[in-house]
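I opened my notebook to go through this one from the inside out. Here is the structure as I had it on screen.

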Amino acid sequence: MLYNSGLLKFRKISSPSNDKLGYLTPIECPNDIPFEIKRIYYIYDVKKEIVRGNHSHKKLHQVLLCLNGSIDIRLENFFGEKKFTLNDPSVGLYVGPDNWREMSNFSEEAVLLVLASEKYDEDDYIRDYDTFVEYNQKKYGGIK
């Protein structure tokens, strides 16, 4: 079981009078996500064999949304690990602090949108896996 993460299903609104108009998915704070958005960025043109992420955050909260294509996200924290496949733009993955994340298997034309609770701060990152494990053992106690 993971702590401080999980899928969020957002509204998917269509026009009742014209189904050819597609969908609109609104995301509002604080109703739809558990933090105020202070930074937005997106990742694209990633080759299928590349693994991105490979880090954790001490304070940052994020919601990851695959707007086009599909992307696999592996999360790990002191309490376990889980793999998610994002392939629906109306579903986001909430990732709270203390979660190691790896993004992989980007399909061609995949676009990953990230909504973040804070502006970029290098001091908030844990980029070394062993340091991440030690940090979480100290914070949550015991041995993983």
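Which residues have the most contacts inside the largest nonpolar core? Before answering, I noted that this is a predicted model, where local features need pLDDT of at least 70, side-chain atom pairs count only at pLDDT 80 or more, and totals for chains, interfaces and linings use all residues. Residues are numbered from 1 along each chain as its sequence is written, and side-chain values use heavy atoms, with hydrogens and water left out.

**Cores.** I found Leu64, Ile71, Ile73, Leu93 and Leu112 to be the residues with the most contacts in that core of 17 residues. A nonpolar core here is a set of buried Ala, Val, Leu, Ile, Met, Phe, Trp, Tyr and Cys residues joined through side-chain atoms within 4.5 Å. Buried means under 20% relative accessible area, exposed over 50%, and partly exposed in between (1.4 Å probe, protein chains only). Strand 7 gives the most to this core, with three residues. For strands and helices I used DSSP runs numbered from the N terminus (strands E, at least two residues; helices H or I, at least four). I then looked up Leu112: leaving out residues up to four places away in sequence, its contacts (heavy atoms within 4.5 Å) include Tyr41, Ile43, Leu64, Ile71 and Met103.

Next I traced an open sheet of five strands, with order 8-7-10-5-12 and antiparallel pairing. Two strands pair if DSSP finds at least two bridges between them. Strand 8 and strand 12 (125–126) are at the edges with a single partner strand each, so one side of each lacks a neighbour in the sheet. Strand 5 (residues 52–57) pairs with strand 10 (residues 100–104) over three bridges, and I saw Arg52 opposite Met103 there.

**Rings.** I listed eight aromatic pairs. Rings of Phe, Tyr and Trp (its six-membered ring) pair if their centres lie within 6.5 Å; planes under 30 degrees apart are stacked, over 60 edge-to-face, and the rest tilted. Phe78 and Phe79 are edge-to-face, at 5.4 Å centre to centre and 90° between the planes. Phe78 is buried at 14%, while Phe79 is partly exposed at 43%. Why is the pair of Phe78 and Tyr140 stacked? Their planes are at 20°, with centres 5.8 Å apart, so the pair counts as stacked. Phe78 lies in a loop and Tyr140 in helix 1 (residues 129–140), so the pair ties together parts 62 residues apart in sequence.
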